[in-house]
Amino acid sequence: MDVNKKAFLSALGVGAGVGAAAYLLARREAYNFRIDFLTIDKTRDAQAVLPTGLTRRKTLKILHISDLHLAGHEVKKKISFLDYITSQEYDLIFLTGDIFEHDEAVKYAPHLIARRPRLGAYAVLGNHDYYRYNMTNKILGRIYKPLRNPKDHARDEGPLVDALEHVGYRVLRNQVEHLEGESLSIVGVDFPGIEPERLSDLSATIPYGNLKLALLHMPVALDMYVKNEIDVVFGGHTHGGQVRIPGIGALITDSELAREHASGLFKREKTHFHISQGLGSDPKTNFRVFCPPHATVLEIEYEPVYATANFAAPAEKVGITN
Ligand SMILES: [Fe+2]
């Protein structure tokens, strides 16, 4: 064997070794679960319209989890993490889609809510809850949209919704829920999104002064939420980019988001957005680079705006005659 050929083969061997090690590290990072803690202050936004003396500061503690991509054969570490994180005390749990990758994974539903939060748990579905993906529609579908979600890849989402509701999640599908006495409303946006008119109609039903929260899977058409003055939007889908290069950031976000907003907290006008880094990914591409899986605990401080009518005592009880 000549010297050049020998050098080439040894370089090839080193390259393959480095590649295999990098791949194993990236697979390992996919199970390096983390918890983020964030605070959002909405009180300053409310003060401008608060009547003096009618303020009451409230704090909501919310667990935001997303993109679990549960297959039928989860590793113990992932299930243990879900058990641990959902067994803590919260006001709310939000789950923003891509929940069950395979139909048999519904058996893991009880691990998604080990302890019932004070005000309940809410979920929206993601694209992987509605469609099966192979490498053709997953990769080529990003380039040529008609290939992305073909009808013959559609799943029956009914059993997934049933499993979630059975364990205590309320699945919102372009619906809004008003939590009486909490000055709080939650809009849930179904995949693939919501018509602007429908979002405006839902927003119009929210009582004055309520904190407006919205859940969605895909971060698209986000200005719609700003326009409807939603206070905090919770989203997923991006996995934080899944592969991040130091100094560059996420390689792709598969949404309208810029690299720097592939996950985490950002604000447009008065609306905060929290995009989850997710806890899993499609098992076929379950690797992460500088982008470990995250669950997030957010505390939102806010001051409900009370209409004066809520405080008006009946005339006869305060001795007013005329
Ligand atoms: Fe996902």
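**Close-ups of a predicted model**

View 1. Residue numbers start from 1 along each chain as its sequence is written.

**View 2. The whole chain, for orientation.** Mean pLDDT for the protein chain is 87, with 84% of its residues at 70 or more. The chain has 8 helices and 14 strands; these are DSSP runs numbered from the N terminus, helices being H or I with at least four residues and strands E with at least two. Of the 322 residues, 36% are buried. Buried here means that 20 or more other C-beta atoms lie within 10 Å of a residue's own; 12 or fewer makes it exposed, anything in between partly exposed, with C-beta atoms placed from the backbone. Take the contacts with a separation of 6 or more: 76% of them link residues 24 or more positions apart.

**View 3. Strand S9 and its two partners.** S9 covers residues 232-235 and is covered on both faces: Val-232 and Phe-234 are buried on one side, Val-233 and Gly-235 on the other. Strands count as paired when DSSP finds at least two bridges between them. Strand S8 (residues 211-215) runs parallel to S9, joined by 3 bridges, and Leu-213 has Val-232 as its bridge partner. Strand S13 (residues 271-275) also pairs with S9 in the parallel sense, over 4 bridges. Here Phe-234 stands opposite His-274.

View 4. Ile-186 sits in strand S7 (residues 184-188) and counts as buried because it has 24 C-beta neighbours inside 10 Å. Beyond four places in sequence, Ile-186 is in contact with Tyr-122, Leu-172, Val-176, Glu-177, Leu-213 and Leu-215. Leu-202 is 16 residues away along the chain, and its C-alpha atom is 9.9 Å from that of Ile-186. Tyr-122 in turn touches residues including Leu-92, Phe-94, Ile-186 and Leu-215. In the largest nonpolar core, which has 64 residues, Tyr-122, Ala-123, Ala-214 and Leu-215 have the most contacts inside it. Such a core is a set of buried Ala, Val, Leu, Ile, Met, Phe, Trp, Tyr and Cys residues joined through C-beta atoms within 7 Å. In soluble globular proteins, nonpolar side chains tend to be buried together.

View 5. The bond from Phe-191 to Pro-192 is cis, with omega near 10°. Pro-192 belongs to the loop between S7 and helix H7 (196-204).

**View 6. Two loop residues with positive phi.** Gln-242 is not a glycine, yet its phi is near 70°. Look for Gln-242 in the loop between S9 and strand S10 (244-245); it counts as buried because it has 29 C-beta neighbours inside 10 Å. Phe-290, also not a glycine, has a positive phi of about 50° and lies in the loop between S13 and strand S14 (294-302). Phe-290 counts as partly exposed, because 15 C-beta neighbours fall inside 10 Å.

Notes:
This is a predicted model: local features need pLDDT of at least 70, side-chain atom pairs count only at pLDDT 80 or more; totals for chains, interfaces and linings use all residues. pLDDT is the predictor's confidence in each residue, from 0 to 100. Two residues are in contact if their C-beta atoms, placed from the backbone, lie within 7 Å.
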